[in-house]
Amino acid sequence: MHSAPRALCPHVEWAIAGVLGTRVSLDWIRQPAAPGTWRSEFSWKGEAGTASKLASALRGWQLLRFEVTAEPCAGAEGERYSCTPDLGIFHAVTGIHGDILIPEDRLRAALTRSQRGETDLEAELARLLGKPWDDELEPFRYAGEGAPVRWLHQVV
């Protein structure tokens, strides 16, 4: 959760708990990128499709900025959901290395719109890759002073 007004923080926890089926208590800290808002990180485990359910549960509140990611597993590709008040929600399928995988039909449609002069190909590709969402969320991704830091000690 990149930013949420304080009044929505308990509702965010309830929404996540409703999807995961267990009590959730997030550690909230102030979000320096948007004074008056709070941020939190939460690691979760669930079946394939849980990321979609989490994103759906959170997308109804227009004041939230968040990302939900699911790692790929034997039966499913990974997923990434990004949401901002101005842009709404972005969804991408991700591969085993975290790269965004763009389906062929979406690439063909972007190329066709570009060839017709309806849009710029570079802008279309940037949107397919989620660049507008990344640009808006980047300042919110850094927790700032007092945030817990997770160190990766060993990679197997």
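**Ground rules.** Residues are numbered from 1 along each chain as its sequence is written, and side-chain values use heavy atoms, with hydrogens and water left out. Because the model is predicted, local features need pLDDT of at least 70 and side-chain atom pairs count only at pLDDT 80 or more, while totals for chains, interfaces and linings use all residues.

**Helix α2.** I took helices (H or I, at least four residues) and strands (E, at least two) as DSSP runs, numbered from the N terminus. For α2 (residues 50–58) I looked up the buried residues, and they are Thr50, Ala51, Leu54, Ala55 and Leu58. Buried here means under 20% relative accessible area with a 1.4 Å probe, protein chains only. They cover an arc of only 135 degrees around the axis, so they sit on the same side of α2; the arc uses directions from the helix axis to the C-beta atoms. I found them packing against α1 (9–20), β4 (66–70), β5 (78–84) and β6 (88–94), with contact meaning heavy atoms within 4.5 Å.

**The sheet.** Next I traced an open sheet of 4 strands, antiparallel, in the order β4-β5-β6-β7. Its edge strands are β4 and β7 (100–101). Strands pair if DSSP finds at least two bridges between them; β4 and β5 have 5.

**Helices α3 and α4.** Finally, I checked α3 (residues 104–115) and α4 (residues 121–128): their axes come within 9 Å and cross at roughly 155 degrees. Axes are lines fitted to C-alpha atoms over the stretch in contact, with angles from 0 to 180 degrees between N-to-C directions. The two helices are therefore roughly antiparallel (over 145 degrees). Leu107 and Leu111 of α3 and Leu125 of α4 are among the contact residues.

How values were computed. Buried means under 20% relative accessible area, exposed over 50%, partly exposed in between (1.4 Å probe, protein chains only). Angles under 35 degrees count as roughly parallel, over 145 as roughly antiparallel, 65 to 115 as roughly perpendicular and the rest as oblique.
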